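Please open the model in your viewer and keep the selection panel at hand. The tour goes from one selection to the next and says what is there at each stop.

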Amino acid sequence: MSKGLGTTVGRSSRRRILRLAGGGITMAALGAGLTGCEDELATGGEGSTPPPRSASPEDGKAPADGKVPEPLWTKSTSAQTYGDNDELVAVDGVVIASGDPLAAFDGATGEERWSLPDGAVPGAPLLLGDGTLYLESGKYDGSVAGYVPGSGKETWRSRLGKEYRQPRPVAVDGEQVYVIAEILEADGSSHTNVIAALNSGTGKVAWKEQRDLGTQQNGIHAAVQGRYLVYTDFKNNLTVRDTATGKQVWTQKTTKTSYGPFVVHQDLVIVPQGQRLQAFALSDGSEKWSVRTEEFTGFREPSLLEDVLYIADSARTLWAVEPGTGKKIWQSTALKDASAQVPRQFVKVGGTLYGATDLDEQGGIHAFDAKTGGLRWTFNDKSGDYHAWLVATDGKRVYALHGKKLHALPA
């Protein structure tokens with residue numbers, strides 16, 4: 001499976017509205033006005049108490065259960081994020097958060113390795129493929145560029161054409177970068193958009209296909225699996241195209257998307273749709289399995305890690321599921337027992353599963369036992385920043401981004 005799966009473009013989702021309100025409106029008011037009863041179930045109670053902090057772990061090792069680690073280092077960054085999973089990456093010994101200037105920090109020390117003014121559009125996805133970091137140009141010049149993650153050196157640049165406005169990369173595999181762009185009219189307006197593939201070696205356009213009238217170039221979540229390019233959008237479409245030709249293989253309406261990432265596994269695309277988690281065949285869109293959570297609750301965003309699908313629901317139950325069959329491996333109520341926030345992004349190191357929460361109160365970075373779902377500890381910087389937490393790992397450390405603060409935690 002290639003890097004860049006489940007990537008996102010477009011920042012007009014309900015989650016973005018909630019975050020950007022930040023400054024003059026209380027989170028209590030926003031939660032009541034925008035999220036509804038499902039999201040209320042996901043928030044922790046006022047009286048819940050996080051585990052006590054411990055001293056820094058010896059030799060950078062992860063602490064014992066119930067002991068919250070101190071950061072190995074903390075840095076202020078130029079991060080400008082909207083809470084999507086692909087805005088923080090750890091690769092080639094550096095950790096990078098979407099922002100302007102785009103900056104890479106040494107994973108071990110936190111020292112800045114390189115900085116790139118106008119390198120990326122703030123909040124845009126950081127797509128990794130075949131050792132290259134692909135970015136939508138922050139100069140808004142209609143180009144897409146590729147860089148060496150460890151050094152920031154530019155190695156590739158491509159343009160879709162003057163008749164298109166600001167191509168936005170949505171996914172990448174070993175051969176192509178997939179972009180969506182507005183089609184310009186003579187008067188400079190745009191009513192339609194195009195999806196296209198750019199050759200990651202030459203930068204030439206491999207194919208381009210106009211999307212249906214009424215579709216949007218924003219709000220796209222995309223993934224590549226073999227010969228299939230899969231994406232969803234704000235119009236509740238689930239679409240699969242052939243990566244070689246761009247031709248549509250199939251499309252269908254989804255009943256209720258989470259406006260977050262989905263996952264692909266072998267020949268399946270797995271999509272959370274409110275109370276149901278459904279798996280469809282990539283070849284023809286037929287349903288292969290479905291899992292249902294409790295009434296009046298909904299599934300959040302899934303993560304596929306080491307062939308296990310991890311997902312939480314709004315009733316604060318954490319699930320581990322076999323992605324090929326939908327069979328439950330385990331369920332944990334540890335979040336509910338601790339009155340803790342629901343995580344919406346996961347990474348895994350060894351036997352520990354790390355989850356990043358959306359809203360901050362009683363949230364942060366949760367550490368779970370990957371075999372049982374038991375809650376080991378929760379890290380929170382107590383800043384009260386309204387931005388969602390983001391998490392990434394290089395297998396040695398866990399990186400937690402909260403607003404403009406980047407923390408390195410022992411894994």
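Which side chains meet in a salt bridge with Arg344? Select Glu301 together with Arg344: their side chains form a salt bridge with N to O at 4.0 Å, the term standing for a side-chain nitrogen of Lys or Arg within 4 Å of a carboxyl oxygen of Asp or Glu. Glu301 lies in the loop between strand 22 and strand 23, and Arg344 in strand 27 (residues 343-349), so the pair ties together parts that are 43 residues apart in sequence. Glu301 is buried at a relative accessible area of 3%, and Arg344 likewise counts as buried at 3% relative accessibility; buried means under 20% relative accessible area, exposed over 50%, and partly exposed in between, with a 1.4 Å probe and protein chains only. Strands here are DSSP runs of E with at least two residues, and helices are runs of H or I with at least four, numbered from the N terminus.

Before going further, colour the chain by confidence. This is a predicted model, in which local features need pLDDT of at least 70 and side-chain atom pairs count only at pLDDT 80 or more, while totals for chains, interfaces and linings use all residues. Residues are numbered from 1 along each chain as its sequence is written, and side-chain values use heavy atoms, with hydrogens and water left out. The mean pLDDT (the predictor's confidence in each residue, from 0 to 100) is 84, and 82% of the residues reach 70 or more. Over residues 1-58, however, pLDDT stays under 50.

Two further salt bridges can be selected next, out of a count of 14. Arg211 pairs with Asp233, the closest N and O atoms being 2.9 Å apart, and both Arg211 and Asp233 are buried. Glu287 pairs with Arg276 at 3.4 Å between the closest N and O atoms, linking strand 22 to strand 21 (residues 276-281). Glu287 counts as partly exposed at 41% relative accessibility, and Arg276 is partly exposed at 26%.

Now show the aromatic rings. The whole structure holds eight aromatic pairs, where rings of Phe, Tyr and Trp (its six-membered ring) pair if their centres lie within 6.5 Å, and planes under 30 degrees apart count as stacked, over 60 as edge-to-face and the rest as tilted. Trp73 and Tyr399 have ring centres 6.1 Å apart and planes at 40°, so the pair is tilted; Trp73 is in strand 2 (residues 73-76) and Tyr399 in strand 32 (residues 397-402), 326 residues apart. Both Trp73 and Tyr399 are buried. The rings of Phe299 and Trp319, with centres 5.2 Å apart and planes at 65°, are edge-to-face.

For the next stop, select Ile96, Leu102, Trp114, Leu126, Leu133 and Leu135, which touch the most other members of the 15 residues in the largest nonpolar core. Such a core is a set of buried Ala, Val, Leu, Ile, Met, Phe, Trp, Tyr and Cys residues joined through side-chain atoms within 4.5 Å.

Finally, inspect the backbone. The peptide bond from Asp100 to Pro101 is cis, with omega near 0°, and Pro101 lies in the loop between strand 4 (94-97) and strand 5 (102-106). Arg316, although not a glycine, has a positive phi of about 65°, and Arg316 counts as buried at 15% relative accessibility. Lys382 has a positive phi near 60° but counts as exposed at 58% relative accessibility.

How values were computed:
Contact means heavy atoms within 4.5 Å.
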